[in-house]
Amino acid sequence: MAKYLATDLDGTLLAPLDPVNLIPSENRETIKAFDGVFLVSGRNAEFIQGVCKELEIDANFVAFNGAAVYVNGKAIYKKKIDKDT
């Protein structure tokens, strides 16, 4: 059976207080145990694509707190969230 990981970035996958090792080696090793990884963040798509590249994983992620979904680096869903919401 395939194993997938969906994870947040800041404070979960990333260690923002360590500018040298933004992605701790333990996290890099853990990711290798999964068949697919989906990153979920409030950050913008360009930042998350950079993380995917650094981790050498397919660019599958949710950006902008759910306002955009990317599969294999291509946007499959984008919607602006109304400011009142």
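In what order do the elements of the chain run from the N terminus on? They run β-α-β-α-β-β-β.

**View 1. The whole chain and its elements.** This is a predicted model, in which local features need pLDDT of at least 70, side-chain atom pairs count only at pLDDT 80 or more, and totals for chains, interfaces and linings use all residues. Residues are numbered from 1 along each chain as its sequence is written, and side-chain values use heavy atoms, with hydrogens and water left out. You will find two helices and five strands here (DSSP runs, H or I of at least four residues for helices and E of at least two for strands, numbered from the N terminus). The C-alpha atoms fill a box of roughly 40 × 35 × 20 Å along the principal axes.

**View 2. The largest nonpolar core.** Such a core is a set of buried Ala, Val, Leu, Ile, Met, Phe, Trp, Tyr and Cys residues joined through side-chain atoms within 4.5 Å, where buried means under 20% relative accessible area with a 1.4 Å probe, protein chains only. Among its 18 residues, Leu 13, Leu 39, Val 51 and Phe 61 touch the most other members. Two or more residues each come from β2 (36-40), α2 (45-55), β3 (61-63) and β4 (68-71). Helix α2 gives the most, with five residues.

**View 3. A close look at Phe 61.** Leaving aside residues up to four places away in sequence, Phe 61 touches Leu 39, Ala 45, Ile 48, Gln 49, Cys 52, Ala 68, Val 69 and Tyr 70 (contact means heavy atoms within 4.5 Å).

**View 4. Burial across the chain.** Of the 85 residues, 29% count as buried.

Notes
Buried means under 20% relative accessible area, exposed over 50%, partly exposed in between (1.4 Å probe, protein chains only).
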